[in-house]
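Subject: Structure handover

Hello,

Here is the structure I promised to pass on. Please open it alongside this note, and my findings follow below.

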2 protein chains.
Amino acid sequence: MENKPFLTTRSLQPENQESPIHFLSSWLTPDKYFYRRNHFSYPVLTSKHLWLQINGNISQPRFFHLYEMLSLPVKSLILPLECAGNKRAHFHPKVYGEQWEDGAISQGKWTGVPLFYLLEQTGFSKNTKEIVFEGADFGRKPNKDNMIPYRRSLPLEKALHPDTIIAYQYNNKSLDYKHGYPFRLIVPNWYGMASVKWLNKIEIIDHSFEGPFQTEDYVYYPHKNDDQESYPVTTLHVNSIIQQPLPFTVLNTGIHEIKGIAWTGKGVVTEIEVSLNNGDTWKQAVLERSNDPYAWTKWFLLWHAEKKGEYSIYVRAKDSHGRVQPLQPFWNRMGYGYNAVSKVNVKIE
Amino acid sequence: MENKPFLTTRSLQPENQESPIHFLSSWLTPDKYFYRRNHFSYPVLTSKHLWLQINGNISQPRFFHLYEMLSLPVKSLILPLECAGNKRAHFHPKVYGEQWEDGAISQGKWTGVPLFYLLEQTGFSKNTKEIVFEGADFGRKPNKDNMIPYRRSLPLEKALHPDTIIAYQYNNKSLDYKHGYPFRLIVPNWYGMASVKWLNKIEIIDHSFEGPFQTEDYVYYPHKNDDQESYPVTTLHVNSIIQQPLPFTVLNTGIHEIKGIAWTGKGVVTEIEVSLNNGDTWKQAVLERSNDPYAWTKWFLLWHAEKKGEYSIYVRAKDSHGRVQPLQPFWNRMGYGYNAVSKVNVKIE
């Protein structure tokens with residue numbers, strides 16, 4: 001009998017559930033194990049949502065029907081989406097918000113139309129600054145009176161990147177309803193809040209977008225009591241997860257596999273190091289890379305545990321931009337972008 | 001669209017998964033939301049497991065077939081089973097073992113034959129001291145060479161208690177395979193390790209049983225480095241869970257329901273108190289009791305949160321034996337019986 005993992009429920013209204021990331025080994029996370037992160041209730045979809053609208057700073061609005069999208073140039077990318085709040089539960093002092101542990105990340109194959117192609121079709125004026133993306137989901141934010149849709153922008157340069165796509169397929173099937181059917185913006189290398197689900201409207205603007213999911217949430221606030229030195233959440237930090245062994249496991253003496261995944265938003269992961277002496281010395285883990293440049297890297301190290309006792313396993317990833325997971329996390333008031341050295345304690349008996 | 005919670009996966013070999021206890025409100029936990037706690041792989045069941053064997057200190061072994069059991073005197077009880085390691089993750093200093101949070105507890109309706117009836121049928125000698133219960137599951141314990149079955153004993157007095165039953169139904173259906181089909185011993189008021197699943201053999205003995213699940217595991221060891229003052233895990237402590245609000249939630253000013261469940265292994269829960277000022281003053285929660293004496297108690301308190309700021313919600317249950325949840329947990333090396341005051345932090349914005 002095969003035992004199956006489940007999503008870990010963080011909240012149900014709106015639905016926020018973690019992927020059982022420690023128990024998955026595939027490059028492609030199946031739909032049902034993809035983490036769910038929502039700001040609002042799921043939208044009620046109608047046939048109008050099969051039309052993607054582009055308006056704003058262009059001569060006239062354009063509408064692309066799903067069927068038309070299927071006939072346009074296509075691109076497939078294997079990449080992880082990671083919630084900016086992934087690992088928030090690990091911050092000390094604790095921060096408020098969804099207490100994500102390690103599973104607010106999942107990876108799969110996204111297929112769709114490069115956004116630059118659509119933007120070229122519609123044309124846009126030279127003073128364009130940003131592109132705004134609106135989902136079909138909407139609701140009230142805490143202590144606000146008005147209903148607002150989920151809306152985020154990208155700077156023009158990122159929007160025009162050839163790998164920024166409007167996905168209509170995930171793992172070779174139509175997008176799952178809970179993950180943005182029929183259209184999801186996919187922004188490689190950025191935290192997941194940029195990859196707008198149930199994408200319905202694209203607006204071309206000549207100024208900076210100031211929506212609350214851009215200027216209030218998804219901002220690093222380094223200070224507890226004021227907003228000084230704040231800046232927006234964008235690119236994924238270099239990061240890793242120890243999938244096995246699990247925290248506070250008791251193991252026999254002998255050979256154990258320490259394994260996991262690692263990823264970054266700048267370049268590629270170049271090294272994974274493992275320490276068994278609180279960071280004094282580090283050993284190189286073996287890397288297993290995908291051909292897909294954005295995909296996470298799998299890694300493992302065989303550990304010959306000869307001596308009984310308690311051990312802390314530390315793991316840190318390095319990327320091709322010279323970034324490395326720090327020993328201490330960058331604490332920020334809303335708890336985004338946690339990427340301190342990954343740690344698991346075990347006891348050898 | 002209704003969003004559904006899932007079990008929380010702690011490990012898969014053997015399978016250990018928590019109930020999504022914060023998201024359940026029924027008196028009866030459905031099968032699929034019942035926590036799963038295993039010491040070994042699931043047993044392969046054959047027709048021989050439909051026979052319950054009673055042997056040992058009696059004139060001759062007796063076998064009861066499931067069909068015969070169905071014709072014997074029947075008793076139904078609504079009661080929770082709680083893993084002795086429930087809430088282990090909350091101990092500081094941390095302890096090794098499965099990192100259960102609040103969900104290693106579930107409640108349902110158990111139906112079966114009182115054990116004393118079977119023991120009376122078989123007869124047993126006057127020098128009987130304990131009754132040993134053996135499940136069909138077996139395997140190796142860490143750092144042991146031999147395969148052993150899961151086996152636990154009860155003192156004769158507890159075994160003869162009229163509410164100690166051999167259950168063959170859960171929530172009016174045949175026991176689920178993962179929860180002990182065809183027979184599960186149900187020991188009211190004791191931690192779940194006593195309620196042996198896939199019960200296959202009952203042995204009547206005239207001495208103290210010394211199996212490792214009785215004398216090594218499921219023992220309170222108050223000291224980190226020696227076994228002094230240790231004693232066995234038996235009766236449930238008085239305990240509670242705050243189901244809502246969830247930890248580190250941000251709430252509006254206004255009225256919020258603080259709600260949860262509470263239970264005990266001695267008598268009944270008589271009071272639930274809630275403090276919003278770190279235990280200086282306590283308010284009485286409203287109790288909702290079941291007619292079933294062993295069932296958990298539901299409770300709630302309406303909280304008018306007028307002032308913005310950060311709050312710790314403390315909850316403590318009291319039982320009819322004068323026991324109360326302590327502010328500090330009783331730390332023990334294997335992390336059993338955690339029942340310190342339940343706490344949830346929230347922020348009012």
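I start with strand pairing in chain A. Strand β16 (residues 239-244) of chain A pairs with strand β18 (residues 254-263) of chain A. The two are antiparallel, and five bridges link them. Within that pair, Gln244(A) has Lys259(A) in β18(A) as its bridge partner. β18(A) also pairs with strand β22 (residues 297-305) of chain A. That pairing is antiparallel too, over nine bridges. Here Ala262(A) stands opposite Thr297(A) of β22(A).

Please bear in mind that this is a predicted model.

**Domains of chain A**

Chain A splits into domain 1 (8-217) and domain 2 (239-348). Their C-alpha centres are 29 Å apart. How many residues of each domain are in contact with the other? Domain 1 of chain A contributes 22 residues, and domain 2 of chain A contributes 19 residues. On the domain 1 side, strand β6 (residues 75-82) of chain A gives the most, with four residues. By class, that side of domain 1 has eleven nonpolar, seven polar and four charged residues.

**Contact between the chains**

Chain B and chain A touch each other through 26 residues of chain B and 27 residues of chain A. On the chain B side, strand β1 (residues 8-12) of chain B gives the most, with four residues. The chain B side divides into 14 nonpolar, eight polar and four charged residues.

**An open sheet in chain A**

Five strands of chain A make an open sheet. Their order is β5-β4-β13-β8-β9, and the pairing is mixed. Which strands sit at the edges? They are β5 (62-65) and β9 (148-155) of chain A, each pairing on one side only. From one strand to the next, the twist averages 20 degrees.

Strand β8 (residues 130-139) of chain A runs antiparallel to β9(A), and seven bridges join them. Gly139(A) has Ile148(A) in β9(A) as its bridge partner.

**Helix α2 in chain A**

In α2(A), the residues Leu115(A), Leu118(A) and Leu119(A) are buried. Why do they share a side of the helix? They cover an arc of only 100 degrees around the axis, so they end up on the same side of α2(A). The face turned away from that buried side carries Glu120(A) and Gln121(A), which are exposed. The cover over the buried residues of α2(A) includes β4 (51-56), β5, β7 (105-114), α3 (156-159) and β10 (165-170) of chain A. Gly123(A) follows α2(A), and its phi is positive, near 75 degrees.

**Helix α2 in chain B**

Now take helix α2 (residues 115-122) of chain B. Its buried residues include Leu115(B), Leu118(B) and Leu119(B). Seen down the axis of α2(B), the buried residues fall within an arc of 100 degrees, so they line one face of the helix. Glu120(B) and Gln121(B) are exposed on the other side of α2(B). The buried residues of α2(B) pack against β4 (51-56), β5 (62-65), β7 (105-114), α3 (156-159) and β10 (165-170) of chain B. After α2(B) comes Gly123(B), with a positive phi near 75 degrees.

**Two buried residues to look at**

Phe124(A) lies in the loop between α2 (115-122) and β8 of chain A. Is Phe124(A) buried or exposed? Phe124(A) has 20 C-beta neighbours inside 10 Å, so it counts as buried. Leaving out residues up to four places away in sequence, Phe124(A) touches Asn57(A), Ile58(A), Leu119(A) and Ile204(A). Leu119(A) is also one of the buried residues of α2(A).

Glu15(A) belongs to strand β2 (residues 15-18) of chain A. Glu15(A) has 21 other C-beta atoms within 10 Å, so this residue is buried. Which residues does Glu15(A) touch, not counting those up to four places away in sequence? They are Arg36(A), Asn38(A) and Asn3(B). Along the chain, Glu15(A) and Met193(A) are 178 residues apart, and their C-alpha atoms are separated by 15 Å.

Best wishes

How values were computed:
Residues numbered from 1 in each chain as written. Chains lettered and ligands numbered in written order. Predicted model: local features only at pLDDT ≥ 70, side-chain atom pairs only at ≥ 80, totals over all residues. Domains from an automatic or database assignment. Contact = placed C-beta atoms within 7 Å. Nonpolar A, V, L, I, M, F, W, Y, C, P; charged D, E, K, R; others polar. Pairing = 2+ DSSP bridges. Axes fitted to C-alpha atoms, helices over the stretch in contact; angles between N-to-C directions. Buried ≥ 20, exposed ≤ 12 C-beta atoms within 10 Å, placed from the backbone. Arc of directions from axis to C-beta.
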